[in-house]
Amino acid sequence: MQISCAFATATDTPRHVALAESLGYRRAWLYDSPAVITDVWMVLTRCAERTTRIGLGPGVLVPSLRHPMVNAAAISELAAQAPGRVSVAVGTGFTGRLALGVRPVPWREVAEYVRCLKTLLAGGTAEWEGAKIRMLQLPGFGAARPIDVPILIAADGPRGGAVAKELGDGIFSVLPPQQSAQPLPSRRSHLVFGTVLDDGENLMSARVVETLASSAVLRYHRVYLMGGAAAVDELPGGRAWREAVEGYPADEQHLAIHLVQPDHRHRPHLERLVRSDTLSGTPAHVANVVARYGAAGITEIVYQPAGPDIERELHAFARAAGLATDRARPPPFWPAGRRHARWPPPTVGG
């Protein structure tokens, strides 16, 4: 099983991807959610310039954000910069759409988009918005067609699974693996959040709570979207989060969702949320869970480091997953005493 990583795309992500490459991570997936993070394609090209081996790709692209020709051209250029290293994931858009105040894209439209994108990359003529389109770039303007780039479908339910079966080279999931009534692609990438504990540390240490605050917000947001107020109120700290969000004007609540962090007065109750929703624990526990994912058919674990010390998270997970040697830790990314200007960062999930 491959061990990869994912990043909430930031100006400093290329340095973190270079570190991930040195630690042995197989691939770096970068989120595409322009309302709350920086542009995925601009940062991916910078990652390509700083690395030589690690796989690169957007995870996941949201169809409504760009015309398929725009993404095809971007994929072509990245494939030219990092030949043999590019993979792409496409989904309905969770954060990428909801932060704009609209619902995720219907699966029917995702399928149409992927068909068009695959046709363009193959060098064929596709139809979009009633017009025939084809990549017309001459040599020197991206990779030569056909462009053989794996396209994964970000899906957790049966409708997305059906699109992955028809059109995808793999499936990119967030929810824990479940038995499926339909055969799925053999390439199965699974996104996990979490942190590896230091010796003597527990799940409710200040460091752990701060590191995993963004993943808690992501859980609140997903449950709120799918189950409404009653469902999110059942989560530890969920009611306080919901009431804070609903304190904003109705037409601006989607702008507030990623700014309202868990109420730390509920810290004693957040341990259950951390235990159930993140891959967090001792190095031995993390290694054991990674092995169980492999036994369940996952072919790629995609770990998203979070918190104020991304480098620490990458090192700790790499050691727990069996990637890292006893390399000396590089100097801190931020100068002593300096913290990220927008910490905690916005939560993103594609």
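Where pLDDT is low, the predicted coordinates should not be read in detail. For the chain, the mean pLDDT is 85, and 85% of the residues reach 70 or more.

This is a predicted model, in which local features need pLDDT of at least 70 and side-chain atom pairs count only at pLDDT 80 or more, while totals for chains, interfaces and linings use all residues. Residues are numbered from 1 along each chain as its sequence is written, and side-chain values use heavy atoms, with hydrogens and water left out.

Now to the overall picture. The chain holds 12 helices and 10 strands; helices (H or I, at least four residues) and strands (E, at least two) are DSSP runs, numbered from the N terminus. Of its 350 residues, 52% count as buried, where buried means under 20% relative accessible area, exposed over 50%, and partly exposed in between (1.4 Å probe, protein chains only). The chain exposes about 15800 Å², and carbon and sulfur atoms supply 53% of that area; the areas come from the Shrake-Rupley method with a 1.4 Å probe, and for residues only the protein chains shown count as cover. Among contacts between residues at least 6 apart in sequence, 68% join residues at least 24 apart.

Helix 1 spans residues 13–23 and includes arginine 15, which counts as partly exposed because its relative accessibility is 34%. From arginine 15 to arginine 50 is 35 residues in sequence and 7.7 Å in space, C-alpha to C-alpha.

Strand 3 covers residues 55–58 and contains glycine 55. Glycine 55 counts as buried because its relative accessible area is 5%. Leaving out residues up to four places away in sequence, glycine 55 touches Arg26, Arg27, Ala28 and Arg85.

Two cis peptide bonds are worth a look as you follow the backbone. One joins glycine 59 and valine 60, with omega of about 10°; valine 60 sits in the loop between strand 3 and helix 3 (68–81). Another joins arginine 145 and proline 146, with omega of about 5°; proline 146 belongs to the loop between strand 6 (131–133) and strand 7 (151–154). In the loop between strand 5 (126–128) and strand 6 you will find glutamate 129. Its phi is near 55°, a positive value in a residue other than glycine. Glutamate 129 counts as exposed because its relative accessibility is 71%.

Next comes a helix pair. Two packed helices are described by the angle between their axes and the distance between the axes. Helix 7 (residues 206–233) and helix 8 (residues 238–246) pack at about 90°, with axes 10 Å apart. Helix 7 is therefore roughly perpendicular to helix 8, a label for angles of 65 to 115 degrees, with under 35 roughly parallel, over 145 roughly antiparallel and the rest oblique. The axes are lines fitted to C-alpha atoms, for helices over the stretch in contact, and angles run from 0 to 180 degrees between N-to-C directions. Among the residues that meet are Val217, Tyr220 and Tyr224 in helix 7, and Gly238, Trp241 and Arg242 in helix 8. Glycine 238 has 0% relative accessibility and so counts as buried. Its contacts, not counting residues up to four places away in sequence, are Tyr220, Val232 and Asp233.

Helix 12 (residues 310–320) is mostly covered, with 10 of its 11 residues buried. Leu314, Phe317 and Ala318 are among them. The buried residues of helix 12 pack against strand 1 (2–7), helix 1, helix 7, helix 11 (283–295) and strand 10 (300–304). Just after helix 12, glycine 322 takes a positive phi of about 85°.

Finally, the cysteines. A disulfide here is a pair of cysteine sulfur atoms within 2.5 Å, and by this rule the count is zero. For cysteine 47, the closest cysteine sulfur is in cysteine 5, and the 9.5 Å between the sulfurs is too far for a bond. Cysteine 47 is buried at 0% relative accessible area, and cysteine 116 is buried at 4%.

How values were computed. Contact means heavy atoms within 4.5 Å. pLDDT is the predictor's confidence in each residue, from 0 to 100.
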